[in-house]
Amino acid sequence: IKADGLAGGKGVTIEYSYDTAQETLQNLFLKNTLGKSGQQIVIEEFLEGEEVSLIGVTDGKSIFPLCLTQDHKQLNDNDNGPNTGGMGAYCPVTHVFDRWHVNLHTLSQQFLEPVIQYIQSQKISYQGFLYAGLMLTKHGPKLLEYNVRLGDPEAQSLMMLLKSDLVDICKAVLEQKLTAEHIQFHAGASACVVIASDGYPQSPKTGFAIKGLSSIEMNDTFQIFHAGTLLKDNTYYNNGGRVLSVTSKSESLDKALSQIYNNITKITFEGNHYRKDIGFRRNS
């Protein structure tokens with residue numbers, strides 16, 4: 001069951017019984033939990049499989065895929081809990097190629113290139129990012145959604161691993177001179193783990209001082225990106241649902257994740273929450 005309006009990635013529930021589906025509908029229509037966004041809904045077949053994010057960049061003439069990424073939508077470990085805007089991501093996602101018999105080129109041919117061809121046929125000029133959310137099922141890859149933006153937290157992981165200068169890519173996009181050579185990635189892998197507020201995604205509790213940020217050294221391989229924070233009197237406070245994105249790159253995904261989890265425990269505020277299993281699907 002999906003809210004038909006914008007809901008910050010929180011408008012989707014997966015129902016396993018009539019009773020829970022009825023409760024969700026009552027929350028949307030009677031309790032108005034998502035406001036106007038939930039006053040119209042879409043009911044879709046549940047697709048079972050493995051979700052990946054296919055993001056490409058286009059200059060309006062051609063489109064080139066970036067590294068395949070994998071988001072973790074559910075709030076808690078082992079994909080339990082409600083859907084969120086994303087609790088962590090990593091790239092590249094290579095285990096799916098053999099497991100689901102796909103590759104980056106064929107996915108781009110199937111889900112990115114036809115969109116560019118269509119908008120060209122409609123005399124529409126579009127330059128920028130195209131995001132395809134895919135579910136890899138036993139019946140083949142299926143499209144969940146399109147967005148005309150980078151994903152979050154996929155973007156943090158992608159940009160950390162990007163070897164090319166993003167400004168140069170944007171310039172080539174604007175000049176309609178984009179080639180595959182403009183988009184180069186470092187070897188290895190990168191990951192991002194989101195620290196969220198207590199009560200997220202329904203009702204995040206905010207206004208708590210964030211401790212430990214000054215004790216962490218950031219560099220080319222380790223960054224903390226601020227999202228829902230507020231700086232007041234030289235102190236950061238949590239000021240939203242998803243608060244910080246702790247991001248690292250290394251020669252392997254295991255090392256990138258180790259760097260994240262070795263540092264993330266130093267960051268605390270009342271009720272802070274993060275998943276401890278980002279990247280687990282590659283071993284499942």
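Which residues of helix H5 are buried? In this predicted model, the buried residues of H5 are Glu 154, Ala 155, Gln 156, Ser 157, Leu 158, Met 160 and Leu 161. Because 7 of the 8 residues of H5, which spans residues 154-161, are buried, this helix is largely enclosed by the rest of the structure.

**Helix H3**
- Helix H3, formed by residues 104-111, has Leu 107, Ser 108 and Phe 111 as its buried residues, and these cover an arc of only 100 degrees around the axis, which puts them on the same side of H3.
- The packing partners of the buried residues of H3 are the strands S3 (50-58), S4 (63-65), S9 (128-137) and S10 (140-147), together with helix H4 (113-121).

**A buried loop residue, Thr 84**
- Thr 84 belongs to the loop between strand S7 (80-83) and strand S8 (88-91), and Thr 84 is buried, with a relative accessible area of 0%.
- Polar atoms of the Thr 84 side chain lie 2.6 Å from the backbone oxygen of Lys 73 and 2.9 Å from the backbone nitrogen of Gly 86.

**An exposed loop residue, Tyr 16**
- Tyr 16 is located in the loop that lies between strand S1 (2-3) and helix H1 (18-29), and Tyr 16 is exposed, its relative accessible area being 68%.
- Together with Ile 14 and Phe 46, Tyr 16 makes a nonpolar surface patch of about 350 Å².

Technical notes. Residues are numbered from 1 along each chain as its sequence is written. This is a predicted model: local features need pLDDT of at least 70, side-chain atom pairs count only at pLDDT 80 or more; totals for chains, interfaces and linings use all residues. Side-chain values use heavy atoms; hydrogens and water are left out. Buried means under 20% relative accessible area, exposed over 50%, partly exposed in between (1.4 Å probe, protein chains only). Helices (H or I, at least four residues) and strands (E, at least two) are DSSP runs, numbered from the N terminus. The arc is that of the directions from the helix axis to the C-beta atoms. Contact means heavy atoms within 4.5 Å. Patches are made of residues with over 30% relative accessible area and no salt bridge: like charges are joined within 9 Å, nonpolar side chains (Val, Leu, Ile, Met, Phe, Trp, Tyr) within 5 Å. Accessible areas come from the Shrake-Rupley method with a 1.4 Å probe; for residues, only the protein chains shown count as cover. A salt bridge is a side-chain nitrogen of Lys or Arg within 4 Å of a carboxyl oxygen of Asp or Glu. A polar contact is a pair of N or O atoms within 3.5 Å; within protein, one must be able to donate a hydrogen and the other to accept it, and residues adjacent in sequence count only if both atoms are side-chain atoms.
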